[in-house]
Amino acid sequence: MDSTKKYWKGLDERNNASEFVESNKHEFAEALPIEDVLEGAGLSAPTPRRDFLKTMGFGLGAVSLAACTVAPTKKSVPYLIKPEEVTSGIPNYYASSYKGASILVKTREGRPIKVEGNPACTINSGSLDAQAQASVLDLYDTAKLKSPLLNGVEHPWEDIDAYAKAGLNKAQAAGKTIAIVTSTVNSPSTKAVIAAFTAKYPATKHVAYDAISYSGIINANKNSFGKAVLPQYKFNNAKVIVSFGADFLGSWISPLQYTKQYVSNRNAASLKSKKMSRHIQFETGLSLTGTKADSRIALKPSEEGIALVNLYAELSGQATSAKLNNAIAEKAIKLVAKELSAAKGAALVVSGSNDEHTQSLVNAINSLLGSYGTTIDLDNPSYQYTGNEADFMALVTQMKAGSVGAVLFLDSNPAYNYCDCKGFKEALTKVATKISFSDKNDETASLCDAVAINHNYLEAWGDSNPVEGYYAITQPTINPVYNSRQAEESLLQWADNPVKDYYTFVKANWEATVLPLAGKTWADVLQAGFVSLPAKAITPITLSGDISATIATVISESKKMAAAVELHLYNSVALGDGKQGNNPFLQELPDGVSKVTWDNYAALNPKYAQKLGIAEFDLVTLKSDTYSIDLPVLFQPGQAHETVSVALGYGREKVGKVGDGVGKNAYPFLATNGAVTITKIEGYYELAQTQTHHSFEGRDIIREATFAEYLENPAHGSGNHGEKHKTYDLWQKFEQPGHNWVMAIDLNACTGCGACIVACNAENNVPVVGKDEVYRRREMHWIRIDRYYSYNEENKSITEEKEIDEIEGRMENVSVVHQPMMCQHCEHAPCETVCPVLATVHSSEGINHMAYNRCVGTRYCANNCPYKVRRFNWFNYWNDSRFDNYLNNEFTQLALNPDVTTRFRGVMEKCSMCVQRIQAGKLKAKIDKTTLKDGDVKMACQQTCPANAIIFGDANDPESEVSKALTDERVYYVLEELNVQPGVGYMTKITNTGSHEA
């Protein structure tokens, strides 16, 4: 496109650092370990040619002899009586749910191997996030307990039941509180179980607390409108979206739901109708949501409240004495107020703060904008987070006073994720009966007397009600792997409830409550997986409360937060609150912005770090009044000056071999006001990043245009409006009369969340290699999401007339583009022409195939691939003791897809376009005596994408979705000038600068 923009993956590439140039100039990023091979054969390096041939010749002869020997017999055991629903080689699917999202669980021969979103679901519409895609591995986690524990020793369930009943009766008789500590419970049946338990033990108190709390929003709505609820936000109804630190596309409340809504106003269909929402982001650290914003302004945490006060003043016409010490933000607020006022009734302001006064101010702003009933729904609220940390703090105080006789922990781990975990641990010692329902001996369970191990969700019955009017069922897809028992069943047992089977309890509860409202039967629900009731009517609301007092409080609290260095804590998109810390898929998933794996870090603005005399990967101590940790420094463009960002969810101590000791625990910092000191200490710790493993050497990879330019010419920026240079072919063109499988990717839709990466891993048996191997550029992901930074090189002055996008910062104003990159399945594939053994060949349907048993590992194909998407197996990852912590064990390997072979050492692999799915689709069509229709075959990455950014299909079908997508004026092909004729088209990224009516 005609632009002054330059794109760069990282600071080393931008600055052309000598180390980066050196590491990317060679034919291969890493040489083959020839010396190790020779030493293993008893030779030295260098060695005479005759000795080499003699030794290697003997080795080949030995291999040949070994091939002639009889392999050891392994007897397979057939079904004595085959289950009626199981046909060997044919998958079964079960409707279930994960964290409220309706899913379809794929099982093979009775074992779950993959989860997909239920396409009929109104919440997730067939998509899933990375955590849900990785959740199958949690079922096969080797760190899980195999039997319940009593005083650290395995005991039968009878002993656990006797201990629990004795402790509960003793607490009840003594008049002490029996506390059930949970995370948010939105399961109607679980609530009914707790109610039945409370009827038996009236001293019971249910305390819900969430590691990442949203009680500030709930309390603010109670104060403002008399409704203590978490609202549903309707980003699809908003023309102008302004976010203050809310990462709603990454980790805030319900990103899966919000992504679909957000993209609906920015995707190809929306652009075709000449509509596009406008998004402005104010934040401290660069978040996924910030990377998608049309305009982004970096703010310190202490400035966010003042910025909201100024925004309210601009919208209401009231004067304010609160001034921002940030000239860029101050001018931006004035421009934002104008845009919001112009979009009244279709505007939305959100804040990531958990302070109820700040959220009350946000309520007042949205009330001025007429957002309630259009972009905010209080009548059909969300129940995804209902925890209240104030209740838990009160419980800890009671525990310290000795007035709690028994405490039960269900899906909660306060010894790890409570801000005052030290105080909690001390208080817990004063409770006589302590029981955890964890499936692992985690940080809290290890402090309890009994661990009544709970089922994994794939082994359990259950339900959920994440939003008003929507109910999902959870049903088991496998018998319990270990001697576990559902927590609800344990509570029923201890309460002497006549119904001790939880399946019966759930069924009866639904038949008495949900099913009559939905007009459905129990069989209908099991088949569909969910029921959706009509939404409640929107009722008028009136804002109450003293807004002047609220503003004064926000200003006062903001001043208290101001410090020389301010800490910003954020929720990791991959690991979330850390509960899945032992999941290798998530640990190796690169962060959507920094591309760091297997660690958290202290993110600093490069210019600010320079001022402090700190280099990248230096170790620093972050210290507050009560807590400190040592972390490596990462230079993060877009980070606000005088701030440091750290991810939560790391630093687990008792989660399993994969997650123990990975990163540092930042939860105790939640107890501070955000002021920290940064002290450089001795040491250097290089982080394992995936982003800078290759360089495109400044070639034309990303193409962008503004919305105004798009309206003027839809092909602007794509390169399709000019005359193309003439190309010449060395190969004759072959007809493809059957199918021609291709893909289209919309850069305007992709948020960089990484769900596609994990979905591909699970579907195609992609191995996890660990931090050391990632550091050596040996990650095995078939699809990666490249993140490119850019900013205009021109110096632009700040004036009132200038758009927000033209405001330059001090390495704070970078813009970002996410580009999914996988094998492009080129028609003139350069990898095919250099393979000496024809291991990579082109099919008649346009797919670049890999014949693994032919590959001899020359890596010529990887060197000749301009997209750098091929992966080399340096080890036999599925049978090597060095990878025992990841997927190299028989139990975890139960999650492998039997339709995809596992690759071995010395073999190249890459995206296969999920060829096994294509073949399965063809087979089904043949059995059904029909033709393969568009949508019958979906790639794993396509199926899970919340933004529907990936479209796959048959280019020979002019009515297919992909054929129509590839005729879009925005479509271009990466490195098209090489004439390799890739089979993946990309759609230009469009940015709404706001200089027109959106």
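Student: In this predicted model, over how many bridges do strand 19 and strand 20 pair?
Tutor: Strand 20 covers residues 530-532 and pairs with strand 19 in the antiparallel sense. The number of bridges over which strand 19 and strand 20 pair is 3.

Student: Why can strand 19 be called largely enclosed by the rest of the structure, and how many of its residues are buried?
Tutor: In a regular strand the side chains alternate between the two faces of the sheet. Here Y470, A472 and T474 point one way from strand 19 while Y471 and I473 point the other way, and all of them are buried. Strand 19 (residues 470-474) is therefore largely enclosed by the rest of the structure, its buried residues numbering 5 of the 5.

Student: How many residues lie between strand 24 and strand 25 in their hairpin?
Tutor: Strand 24 pairs with strand 25 (residues 628-635) in the antiparallel sense over 5 bridges, and L619 stands opposite P632 of strand 25. Strand 24 (residues 618-623) is itself largely enclosed by the rest of the structure, because 5 of its 6 residues are buried. In the hairpin that strand 24 forms with strand 25, the number of residues between the strands is 4.

Student: What is the bridge partner of T621 in strand 27?
Tutor: Strand 27 spans residues 677-684 and runs antiparallel to strand 24, to which it is joined by 5 bridges. In strand 27, the bridge partner of T621 is T679.

Student: Which strands stand at the edges of the open sheet of 7 strands?
Tutor: The strand order in this open sheet is 6-5-17-16-15-7-8, with mixed pairing. The edge strands each have a single partner strand, so one side of each is left without a neighbour in the sheet, and they are strand 6 (153-154) and strand 8 (204-208).

Student: At about what angle does helix 6 run to strand 16?
Tutor: Strand 16 is joined to strand 15 (residues 404-410) by 4 bridges, the two running parallel, and T433 of strand 16 is the bridge partner of A406. Helix 6 (residues 157-173) lies across strand 5, strand 7, strand 15, strand 16 and strand 17, and the angle at which helix 6 runs to strand 16 is about 135°.

Student: With which side chain does the side chain of T444 make a polar contact?
Tutor: T444 is found in the loop between strand 16 and strand 17, and T444 is buried, with a relative accessible area of 0%. Leaving aside neighbours within four places in sequence, the contacts of T444 are F409, N413, P414, A415 and Y416. The polar contact made by the side chain of T444, at 2.5 Å, is with the side chain of N413.

Student: Within what arc do the buried residues of helix 19 fall?
Tutor: The buried residues in helix 19 (residues 502-512) are Y502, F505, V506, N509 and W510. Seen down the axis of helix 19, these buried residues line one face of the helix, because they fall within an arc of 125°.

Student: How many residues apart in sequence are the parts that R917 and E763 tie together?
Tutor: The side chains of R917 and E763 meet in a salt bridge at 3.0 Å, N to O. R917 lies in helix 30 (residues 915-927) and E763 in helix 26 (residues 755-764), so the separation in sequence of the parts tied together by this pair is 154 residues.

Conventions: Residues numbered from 1 in each chain as written. Predicted model: local features only at pLDDT ≥ 70, side-chain atom pairs only at ≥ 80, totals over all residues. Heavy atoms only, no water. Buried < 20%, exposed > 50% of the residue type's maximum accessible area, 1.4 Å probe, protein only. Pairing = 2+ DSSP bridges. Polar contact = N/O pair within 3.5 Å; in protein donor to acceptor, adjacent residues only side chain to side chain. Contact = heavy atoms within 4.5 Å. Salt bridge = Lys/Arg side-chain N within 4 Å of Asp/Glu carboxyl O. Arc of directions from axis to C-beta. Axes fitted to C-alpha atoms, helices over the stretch in contact; angles between N-to-C directions.
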